[in-house]
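This briefing summarises the helix packing, selected side-chain contacts and backbone features of the protein shown below. Topics are grouped so that each element can be followed in the viewer.

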Amino acid sequence: MSVDSSFGKLPDHLLIEIFIRVPVSEWAQISCVKKQWANLFRGECLWQAALATTYPLANPAKRWPGPIPRGLSKRRFAALYVSKHIFSLDGEIDEIVGHTYLFLKEQLELSTMPPSSSILHGTIIDQFIACGKSRDMAHDLASQIWLAVLDNLEENEHTFQILKRLAQEGDVFLPYPYSRSIKVQWRVFEKLFTDFRDCFDHVDYYDVLSCAKTKFQPIPSIWLGY
């Protein structure tokens with residue numbers, strides 16, 4: 001549509017009411033049409049309206065304990081969207097899960113040298129416990145988040161280097177629930193030996209394979225044969 005049309009001249013509050021009813025998948029394209037519209041998507045008003053419309057039962061409590069910040073309305077909307085569309089929590093939309101997912105994904109994708117997996121895992125566990133989750137629930141949710149993030153990382157050189165670093169980390173004894181899930185460790189090696197197999201050179205492959213053999217027996221045959 002032409003940005004000079006009557007629609008393009010609507011005041012901001014009406015545009016917001018229209019935009020928040022458009023599928024989320026189209027928001028990025030809409031924000032590129034006109035500078036005024038891009039500014040709306042950068043502002044707080046649109047995201048507050050989107051939260052109220054899409055997630056009317058979201059807890060508006062001011063207090064947000066734990067090491068992972070809650071952020072403003074845009075961040076809260078993203079966290080709730082992740083919770084609803086990526087995780088299956090018996091129909092419950094848990095904002096904490098979304099925030100921890102975004103935190104971990106950003107740490108792995110955007111940091112040139114992210115903290116060790118033990119520190120990241122401990123931060124997630126602390127966040128869940130601070131928000132009232134039991135130790136068992138915190139451990140289970142943290143494992144789900146790790147698996148979901150690993151499955152949604154982009155397939156590029158940076159991800160390969162991150163996964164290789166995670167695979168080669170030494171085992172550190174940590175008490176439950178801070179101990180890392182064996183399922184998460186398995187998924188790291190599985191992705192390296194399947195999705196990123198062509199990225200290995202001869203030395204790296206045998207270094208990572210040696211690490212895998214110290215953790216898992218037997219080794220799947222698909223992991224063998226560089």
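In this predicted model, helix α6 passes α7 in a right-handed crossing. The two axes come within 11 Å of each other and cross at roughly 165 degrees. An angle over 145 degrees counts as roughly antiparallel, and α6 and α7 are therefore roughly antiparallel to each other.

**The α6–α7 contact**

- On the α6 side, the residues that meet α7 are I96, V97, T100, F103, L104, Q107 and L108.
- Their counterparts in α7 are L120, T123, I124, Q127 and F128.
- An α-helix has 3.6 residues a turn, so residues three or four places apart point the same way.

**Helix α6 and its surroundings**

- Helix α6 covers residues 95–110, which gives a length of 16 residues.
- From first C-alpha to last, α6 reaches 22 Å, close to the 22 Å expected at 1.5 Å a residue.
- The helix is mostly covered, with 12 of its 16 residues buried.
- The buried set consists of E95, I96, V97, G98, H99, T100, Y101, L102, F103, L104, K105 and L108.
- These buried residues pack against four helices, namely α5 (73–86), α7 (117–130), α8 (135–152) and α9 (157–168).
- At the start of α6, the backbone nitrogen of I96 has a side-chain oxygen of D94 within 3.0 Å.

**E95, a buried residue of α6**

- E95 lies in helix α6.
- Its relative accessible area is 8%; buried means under 20%, so E95 counts as buried.
- The side chains of E95 and R76 are joined by a polar contact of 2.7 Å.
- Leaving aside residues up to four places away in sequence, E95 touches N59, W64, R70, R76, A79, L80 and S83.

**The α9–α10 pair**

- Helix α10 spans residues 182–194, and α9 packs with α10 at an angle of about 135 degrees, their axes being 9 Å apart.
- That angle makes α9 oblique to α10.
- The crossing in which α9 passes α10 is left-handed.
- From α9, the residues in this contact are F160, L163, K164, L166 and A167.
- From α10, the residues they meet are V188, F189, K191 and L192.

**Y178 in the loop between α9 and α10**

- Y178 is placed in the loop between α9 and α10.
- With a relative accessibility of 25%, Y178 counts as partly exposed.
- The side chains of Y178 and D126 form a polar contact of 2.5 Å.
- Not counting residues up to four places away in sequence, Y178 touches H121, G122, I125, D126 and I129.
- Y178 and E155 are separated by 23 residues in sequence and by 28 Å in space, C-alpha to C-alpha.

**Cis peptide bonds**

- Most residues other than glycine have a negative phi, and most peptide bonds are trans.
- The peptide bond from Y176 to P177 is cis, with omega near 10 degrees.
- P177 is located in the loop between α9 and α10.
- Q217 and P218 are also joined by a cis peptide bond, with omega at about 0 degrees.
- P218 is located in the segment after α11 (202–215).

**Helix α4**

- Helix α4 comprises residues 44–54, and its residues L46, W47, A49, A50 and L51 are buried.
- The cover over the buried residues of α4 includes α1 (12–19), α2 (27–31), α3 (35–42) and α5.
- Helix α5 is also one of the helices against which the buried residues of α6 pack.

**Overall architecture**

- The protein contains 11 helices and zero strands.
- The C-alpha trace spans about 65 × 40 × 30 Å along its principal axes.
- Of the 226 residues in the protein, 43% are buried.
- Among contacts with a separation of 6 or more, 62% are between residues 24 or more positions apart.

Conventions: Residues numbered from 1 in each chain as written. Predicted model: local features only at pLDDT ≥ 70, side-chain atom pairs only at ≥ 80, totals over all residues. Heavy atoms only, no water. Helix = DSSP H or I, 4+ residues; strand = E, 2+ residues; numbered from the N terminus. Expected span 1.5 Å × (residues − 1). Buried < 20%, exposed > 50% of the residue type's maximum accessible area, 1.4 Å probe, protein only. Contact = heavy atoms within 4.5 Å. Polar contact = N/O pair within 3.5 Å; in protein donor to acceptor, adjacent residues only side chain to side chain. Axes fitted to C-alpha atoms, helices over the stretch in contact; angles between N-to-C directions. Parallel < 35°, antiparallel > 145°, perpendicular 65-115°, else oblique. Left-handed = near helix turned anticlockwise from the far one by under 90°.
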